[in-house]
Amino acid sequence: MAATGTNEIYFQKATLRDTAVTVRPKPNPTPTPLLRLEVRDLSADGARSFLSLLNCDSVLQEAVDSVLSLLYTSKSKIPPTRSVTLVLRSMEGVAYTTGKEIDGDHKEIHFSTDYIAGCSEERRAEEMLGVLRHEMVHCWQWAANGTCPSGLIEGIADWVRLKSNMVPPHWKQEGGGDWDAGYQHTAYFLEYLETRFGQGTVVAINERLCDRDYVEKGFWIHCCGCEVQELWDDYGRSLTDAQKGSDTNVTSPMESTV
Ligand SMILES: [Zn+2]
């Protein structure tokens, strides 16, 4: 969830602690935020799982590095996030990210130990990493001065998770509905745009959300040359074509992105 303090409920998966993840070169200079871990109850099963299954000394830094490398280049303007505190605590939902009231450049990721404890043991480590990767995006992405559609915010967060090879088993590409329904629904659309218009398209979309309000008409024409509904319709047709291709044992480009 974006930096609103509102809980989000969704289900995710991630890679295991020793799984190699492709990371692009870091932006230069690389931000060096203070990274902190706060465990409200060490006896909680979810807290114990986090501490025992993940490399706690590096998991936050790896998430920062991955997010920055996927969303920014050496020429990018990066949000001035000064610290990220991961708070493991009992609460409803999965996780949310917020900024401290006194200074929004200090971010807090609240992650439910109840949710962690409810994950199956075989997927628990992957799920924790995936949720953390998604939430870490919210600490660093631009949001058009608060005018960006929440579906695009959440789509970019899940696109980073997608590009980090942390796709949960239930995710699937789907057309129809609204392009900005968010999460993986929008994430796969963004990956379609990245494939169609080239690597760096999502970087450009995120950077277009910096220091200016979101105006849908000009926004997508600037980034991709046409209106977002047209792009969304093209995406839906590409999925239909891919399905027809798979029905005849023809591999489509989009099938290789999952
Ligand atoms: Zn989110």
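**Ground rules.** I number residues from 1 along each chain as its sequence is written. In this predicted model, local features need pLDDT of at least 70 and side-chain atom pairs count only at pLDDT 80 or more, while totals for chains, interfaces and linings use all residues.

**Elements.** I found nine helices and four strands in the chain; helices (H or I, at least four residues) and strands (E, at least two) are DSSP runs, numbered from the N terminus. Their order from the N terminus is β-α-α-β-β-β-α-α-α-α-α-α-α.

**Burial.** I looked up how much of the chain is buried (20 or more other C-beta atoms within 10 Å of a residue's own, with C-beta atoms placed from the backbone). The figure is 40% of the 258 residues.

**Core.** A nonpolar core is a set of buried Ala, Val, Leu, Ile, Met, Phe, Trp, Tyr and Cys residues joined through C-beta atoms within 7 Å. The largest one has 62 residues, and V67 and F189 are among those with the most contacts inside it. Helix α2 (residues 59-71) gives the most, eight residues. I note that domain 1 (1-140) and domain 2 (142-258), with bounds from an automatic or database domain assignment, both contribute, so the core lies between them.

**Helix α2.** Which residues of α2 are buried? I list V59, L60, A63, V64, S66, V67, L68, L70 and L71. The buried residues of α2 pack against β1 (34-39), β2 (83-89), α4 (124-138), α5 (150-163) and α7 (201-208); two residues are in contact if their C-beta atoms, placed from the backbone, lie within 7 Å.

Conventions:
A residue is buried if 20 or more other C-beta atoms lie within 10 Å of its own, exposed if 12 or fewer, and partly exposed in between; C-beta atoms are placed from the backbone.
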